[in-house]
Each structure stands twice: as structure tokens, then as C-alpha cells.
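Please keep the sequence and the 3D view open while reading.

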Amino acid sequence: MDSSPRRKKTARFVEIAALAGVSVATVDRVLNERGSVSARARAQVVAAARQLGVPRLLPDTRHGLIHIDIVLPDNRSPFFLRLNQALQRGVAMLDKRLVVHRLWTPDQDEAALLRAITQRRHQRQALIVAAPDTPAVRAALQQARARGEHIALVVTRVDEVAGACYVGIDNYAAGRTAGYLLGRLCRKVGRILLLSSRRDYRGHIERSSGCRDVLAAQFPELECDARSSETHDDPDKCYWAVSQAFQRGDVIAGIYNTGAGSPGIEAALRRFALDKVCWVTHEISDDHRLYMQQGLLDVVIDQDPDTQAIRALQHVLAALEMAPADASVSLAGEFRLYLPENMGQQPYLG
């Protein structure tokens with residue numbers, strides 16, 4: 001029988017102390033979170049324990065509050081309201097050391113957005129933001145990254161911001177899907193009317209481009225607008241764009257709206273359309289369910305704001321080393337297709 005002393009499979013306090021250059025008593029105080037220890041010694045002990053592979057939940061080496069800003073446009077569309085609700089639910093489950101500041105900026109006021117990004121009232125560690133892709137916004141976000149802030153981009157990407165994580169859907173693929181559906185579902189040859197919320201949001205640019213590319217390549221009999229009508233999610237602007245096309249005598253075979261403002265499209269179709277116009281849009285909101293029930297709206301492409309909120313918070317927590325890293329967060333999220341047969345009945349805003 002082997003009478004030699006049995007060695008523990010995990011690192012002992014004495015080994016952690018030797019690697020960290022502190023006493024065994026200090027290791028005990030840090031790992032069992034009792035007694036006062038300097039921030040430097042605490043960091044050394046945790047780093048040594050992590051290096052030795054200690055199989056236990058290690059204390060956080062940071063003290064004090066961690067500030068995160070969430071900056072969204074003051075857009076009252078159902079999508080942004082639901083995204084805000086989802087972020088609220090996620091924030092409620094966070095560690096109490098995380099202080100989240102939610103900021104709404106006027107939808108078309110770039111100066112206000114830049115102030116929200118650059119003029120910090122606290123030492124901010126992370127930023128979750130939906131923003132247009134403009135030179136000024138790119139520069140502001142680049143400066144935030146240079147300060148060491150972690151950035152999660154929701155809804156739409158902003159290019160040339162190294163280290164920022166976009167957690168939304170592949171908007172170009174969503175636009176291509178819209179183009180394919182229009183090509184398959186349109187009942188007549190004619191024009192495809194493109195409506196876009198904003199031309200400075202890369203997500204809307206990518207959706208429109210994807211739709212055009214598929215129609216040009218696979219359904220050349222459908223004439224697609226070379227330039228989308230900018231509506232800013234305003235129902236009146238949507239109504240004007242659709243009604244003007246009908247009043248010019250255009251044969252409208254289909255409509256693709258990359259944003260909100262659908263009540264205006266619905267009103268124009270009821271007034272001017274003499275036969276079926278194929279209509280594809282985004283987000284499974286309550287009005288869209290109603291229009292599908294009534295046979296006006298054909299397909300909804302939903303970008304799942306609840307999952308975007310979760311992915312944004314996951315990225316921030318992992319970047320702050322407060323949660324395990326998940327490589328899938330950096331991949332484009334999945335979008336969903338809804339038709340009258342699978343649209344469900346649950347309220348969009350709960």
C-alpha cells in the first residue's frame with residue numbers, strides 16, 4: 001500500500017502565495033473575501049489563482065461602480081420601444097455594481113448624439129448605442145474606444161470603429177430576402193417602390209441595396225427604384241411617397257419598407273390600389289399583424305430586438321470580465337420571417 005502523502009489536485013494557498021508574492025494569510029483573506037487587502041495585493045492573488053487554474057469562482061478585483069451608457073434615438077416606433085423594454089429587463093438582472101444610464105437623443109439631431117457619446121458625466125466603462133454611420137459619429141466612437149470604453153452597436157453597424165461589436169442582424173441579407181420574396185410573390189409586372197427610414201443609417205442602406213441586387217439579378221421584369229424614398233419612419237411621409245407613385249400612373253407591383261411608418265402605406269393602398277400590391281416590411285408589431293390579417297401586408301422580416309438587447313449586454317459583461325466570453329455574440333444575429341399563418345397573437349409591446 002502506498003503510504004506517500006497524497007498531493008491535492010488543485011493549487012494550495014501556499015502555492016498561490018508564492019506565485020503572487022504575498023503571505024498565505026493574504027491569500028486566505030482575498031479568496032474567502034474577508035478582511036482588508038490592498039487593491040494591488042488582491043489583483044496579484046486573483047491573477048495567480050487564475051494562472052494556477054484554481055477551480056472556484058474568483059473574487060472581482062475591481063471596486064466601486066461600473067458605468068454603462070445606453071444611447072438610443074428618441075424614435076417612438078414600435079421597434080425602438082420594444083428594444084428599450086428588452087434592455088430594461090436585461091439591466092434589472094445585472095450586478096448592482098453596474099450603473100446603467102439610459103439616454104434618448106432626438107432622432108435627427110446628430111449634435112445631441114455626439115454630446116451623449118463624448119461628454120461623459122462619469123467614468124464610463126461601456127456604451128451600447130444605435131447610431132447613424134457618419135464621419136462625426138465614427139470619430140466620436142473611435143475616441144471612446146481609445147479611452148478604453150467597450151462598445152456594442154445595436155440595430156445598425158458603424159464602420160471603421162475597431163473593437164466595437166455589432167450585435168444586430170445581417171441587414172444586407174434581410175434586404176436580399178425581401179427582394180426574393182417580392183420577386184416570388186408579386187402578381188404583376190411593374191415597379192417595386194422602396195421606402196427607407198434614413199439614408200445615413202447603414203442598416204437601411206444595406207437593406208435597400210440587398211433588395212435591389214436580388215431583383216436586378218433574378219427578377220429583371222420588376223423595375224426597382226434606384227433611390228429609396230427617405231421617410232424617417234413618419235406615416236405621413238410614407239403615405240405621400242406611395243400616393244405620389246400611384247397618382248403618377250406608375251404600375252406598382254410591390255412595396256418594400258425598410259423602416260416604420262406603415263399606417264401611411266396602409267392608408268395609401270386602401271385609397272389608390274385597384275388590385276393586390278405585394279408588401280414586405282420589418283418588425284412583427286401589432287399594426288403589421290392586423291394588416292396581414294386583412295390581406296394587405298404579405299411578409300414581415302423581424303430583427304428580434306429582445307435578442308439584440310441580450311447580445312449587447314452579453315458583449316459588455318464579457319468585455320468587462322464579468323461574464324464568460326461568447327464568440328457567437330460577434331456574429332450577425334438571425335432574423336425571422338412572419339406570414340399570416342405563423343404571426344402569432346401576442347402583443348408586441350408588453
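## Cavities

In this predicted model, the second largest cavity holds about 40 Å³ of space. A cavity here is a set of points on a 1 Å grid over the protein atoms alone where a 1.4 Å probe fits but cannot get out, and lining residues have an atom within 4 Å of a point. Grid points are joined across faces, edges and corners, and a volume is the space filled by probe spheres set on the points. The lining of the second largest cavity consists of Pro 73, Asn 75, Phe 80, Asp 107, Ser 197, Arg 198, Tyr 201, His 204 and Asp 233. By class, three of these residues are nonpolar, three polar and three charged (Ala, Val, Leu, Ile, Met, Phe, Trp, Tyr, Cys and Pro count as nonpolar, Asp, Glu, Lys and Arg as charged, and the others, Gly among them, as polar).

There are two cavities of 30 Å³ or more. The largest cavity has a volume of about 80 Å³. It is lined by 14 residues, of which Thr 105, Asp 107, Leu 113, Pro 132 and Arg 198 are the closest to its centre. At least two lining residues come from each of β1 (66-73) and α5 (110-118). Helices (H or I, at least four residues) and strands (E, at least two) are DSSP runs, numbered from the N terminus. The lining of the largest cavity has eight nonpolar, two polar and four charged residues.

## Basis of the model

Residues are numbered from 1 along each chain as its sequence is written, and side-chain values use heavy atoms, with hydrogens and water left out. The model is predicted: local features need pLDDT of at least 70, side-chain atom pairs count only at pLDDT 80 or more, and totals for chains, interfaces and linings use all residues.

## Second largest pocket

The second largest pocket has about 290 Å³ of space; a pocket is an open set with protein on both sides within 12 Å along at least five of seven lines. Ser 77, Phe 79, Asp 233, Gly 259 and Ala 260 are the closest to its centre among the 25 lining residues. Two or more residues of the lining come from each of α4 (78-92), α8 (202-218), α10 and α11. The lining divides into eight nonpolar, 13 polar and four charged residues.

## Packing of α10 and α11

Helix α10 (residues 262-272) packs against helix α11 (residues 286-293) at an angle of about 25 degrees, with the axes 10 Å apart. α10 is therefore roughly parallel to α11. Angles under 35 degrees count as roughly parallel, over 145 as roughly antiparallel, 65 to 115 as roughly perpendicular and the rest as oblique. Axes are lines fitted to C-alpha atoms, for helices over the stretch in contact, and angles run from 0 to 180 degrees between N-to-C directions.

Ser 262, Pro 263 and Glu 266 of α10 meet Asp 287, His 288 and Tyr 291 of α11, where contact means heavy atoms within 4.5 Å. Two of the contact residues are nonpolar, two polar and two charged.

## Packing of α1 and α2

Helix α1 (residues 13-20) and helix α2 (residues 24-31) pack at about 105 degrees, with their axes 8 Å apart. The two helices, α1 and α2, are therefore roughly perpendicular to each other. Phe 13, Val 14, Ile 16 and Ala 17 of α1 meet Val 24, Val 27, Asp 28 and Leu 31 of α2. This contact has seven nonpolar residues, no polar residues and one charged residue.
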